[in-house]
Each structure stands twice: as C-alpha cells, then as structure tokens.
Amino acid sequence: LPPLGAAPSSAQPACAPVAVGADRPLTLAYIPQENPEKLIGDISVISRYLEGELGIPVTGFVTLDQAAAIEALRNCTADVSFSGALPYVMAHELVGARVVLGEVLRGETIYHGRIFVRKDSGIETIEDLRGRSVSFSDPLSESGYLYPLDVLVQAGLLDERDDPQTFFSRVFFSGGYQQSVEAVINGFVDAAGASEYVTVSLRPEQLEQVHWIAESAPIPTHVVMVRGNLDAALTEAFAEAMLQMNEPAYRHLLRHVFSPDGYVRVSDDAFDGVRDLARRYNYLPPKAE
C-alpha cells in the first residue's frame with residue numbers, strides 16, 4: 001500500500017525533444033482501466049485510424065499502471081497518454097505534460113467515483129465497511145482510489161494522513177475499475193472503489209449482483225494529454241483527428257478509446273479542484289507562496 005505522504009520532492013526534467021515522423025512513430029500510452037486483452041485490439045484500430053489521418057506511423061502500448069504512463073511521457077517513450085485527472089495534474093506539474101482533450105460521458109464532462117458492494121453482502125453504509133476488505137484500481141486513480149477514499153475522510157471515518165488499512169482489514173489494488181468490481185462480484189473482497197461508468201464494462205448478470213453505497217464529489221472526466229515538448233502542429237493535427245470521432249461516420253471508433261460519447265477541448269484550469277485535492281493528500285508538493 002503506497003503511503004499518502006509520498007509526493008515527489010521536485011519536478012523531473014522532461015526528455016530532449018523527439019521528432020515524430022517516418023522513422024519514429026507517434027506513440028500512445030493506454031492505462032489499464034479495462035481488460036488489457038481488449039486494449040491490445042483497441043490500440044491497433046486507433047493506430048490505423050490515426051495513421052490515415054496524420055500520414056505518419058502510429059503505435060501504442062498498455063502501461064503497467066498510471067505512474068508508468070507519467071514516466072513514459074517524462075522519458076519520451078510515449079507522446080500521448082489517455083489518462084485520468086489525477087495523473088494529469090501530476091504529469092503537468094512534474095513533467096510538463098499538456099492537456100489536449102477531455103471525454104464527454106452522457107453529455108457531461110464530470111463524473112464520480114463510487115463504492116460498490118454485493119447486493120447480498122449486508123453492507124448498507126460506508127460505516128459498515130470498517131474492518132472489511134476493499135479493492136481500488138490504482139494508487140494514482142482519482143475515481144478508483146483518491147475520491148472514494150475522500151468520501152471516508154469527509155464522513156469522519158479516516159483522517160487525510162491515515163493509512164486506509166487503519167479502517168479496512170485489507171486493501172488491494174487491482175489495476176482497473178472492472179477488475180476491482182469483479183473482485184467484489186467473485187467474493188474476493190467486500191467493496192470496490194471505481195468509476196461510476198465501470199458498469200458499462202460488466203455483463204448484465206454481473207450488474208445484477210452489485211450496487212453502490214456512496215458517491216464522491218464531481219471529478220473532471222478522463223483526458224488525453226501529450227508530453228510538453230511534442231511539436232505544436234502535430235499536437236493540433238492529432239487533436240483534430242480525435243475530435244473527428246465525434247462525427248457520425250467516425251463514432252464507432254470511440255469504443256476503442258474507453259468508450260466516451262466524444263471529446264471536447266479542455267484547459268488546465270478545469271483541473272484546479274483535482275490539483276487542490278492532490279496537494280491535500282500529498283500527491284503534489286505544497287503550493288509555493
């Protein structure tokens with residue numbers, strides 16, 4: 001279990017600029033919030049689409065976790081990352097990443113983290129979770145860890161600096177939303193912290209077995225970010241190609257990028273609330289006076 005008081009002490013310098021073109025493909029990093037086997041096929045579809053739009057080679061890979069996606073931008077092994085809001089604010093401050101696009105989900109650019117339990121568990125409130133086991137998706141996931149954890153803090157069940165294992169009996173990190181909720185369904189853990197939209201990844205018979213008992217404050221939806229020194233013209237062409245997926249003829253491609261309803265342009269200040277929460281929990285250094 002990673003400590004909450006573990007923010008990097010200083011920013012790491014970004015890699016030297018890397019030219020993307022015929023000899024070096026544009027490289028996309030996907031976080032494993034869905035089944036990694038599905039993501040392998042998704043990467044192939046989106047890479048082919050972007051190659052046709054940009055006229056350069058495009059490739060991609062699934063990162064081990066959210067921290068690995070940040071590191072890939074820092075060392076230029078990735079040019080683009082599909083990521084959550086918490087990894088974005090960390091990557092922006094620590095490695096100079098820039099946000100390009102945000103997801104639209106059911107007409108919104110915000111969503112929530114939720115705490116899921118089995119319907120037959122007898123667990124009805126978050127207070128009932130004391131001494132129970134829980135699965136979160138990733139220590140750097142906002143809806144799969146930080147915001148559900150903050151639900152407990154706001155309820156007075158934990159302090160911001162407490163190890164969650166002072167409340168839960170066991171704490172696990174599954175690597176993804178779907179994996180966490182499936183751990184509840186299969187009886188491996190009592191509860192899961194996950195995005196409200198994890199339900200789209202579950203089969204109908206799985207949905208029948210779980211429900212949520214708590215919901216977090218609103219969170220900006222997932223983002224598409226780029227390394228800070230990626231060529232500006234290429235960044236804009238990439239953004240336009242992604243926005244084209246909003247059009248009816250291209251909407252089928254959205255299911256290969258975590259299934260949003262579409263994309264919109266967003267700016268860094270939309271993430272100030274996430275940034276403030278990240279500082280409270282020591283994911284980022286204190287703000288300079």
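Predicted model: local features only at pLDDT ≥ 70, side-chain atom pairs only at ≥ 80, totals over all residues.
**Confidence.** The protein chain has a mean pLDDT of 91, and 94% of its residues reach 70 or more. Residues 1-10 remain under 50 in pLDDT, and the model has 24 contacts beyond four places in sequence for them.

Helix α3 spans residues 85-95; it is largely enclosed by the rest of the structure, because nine of its 11 residues are buried. Among these buried residues are Pro 87, Tyr 88, Val 89 and Met 90. After α3 comes Gly 96, which has a positive phi, near 80°.

The largest nonpolar core contains 63 residues, and Val 89, Met 90, Ile 126, Leu 129, Val 181 and Tyr 283 have the most contacts inside it. Helix α3 gives the most to this core, contributing eight residues. In soluble globular proteins, nonpolar side chains tend to be buried together.

| Nonpolar core | Size | Residues include |
|---|---|---|
| Largest core | 63 residues | Val 89, Met 90, Ile 126 |

Beyond four places in sequence, the contacts of Ile 126 include Ile 115, Val 151, Leu 152 and Phe 167.

**His 256.** This residue is located in the loop between α7 (232-243) and β13 (262-265). Its relative accessibility is 13%, so His 256 counts as buried, the cut-off being under 20%. The side chains of His 256 and Asp 42 are joined by a polar contact of 2.8 Å. Residues up to four places away in sequence aside, His 256 touches Tyr 30, Asp 42, Val 45 and Ile 46.

Conventions: Residues numbered from 1 in each chain as written. Heavy atoms only, no water. Buried < 20%, exposed > 50% of the residue type's maximum accessible area, 1.4 Å probe, protein only. Helix = DSSP H or I, 4+ residues; strand = E, 2+ residues; numbered from the N terminus. Polar contact = N/O pair within 3.5 Å; in protein donor to acceptor, adjacent residues only side chain to side chain. Contact = heavy atoms within 4.5 Å. pLDDT = per-residue confidence, 0-100. Core = buried A, V, L, I, M, F, W, Y, C linked by side-chain atoms within 4.5 Å.
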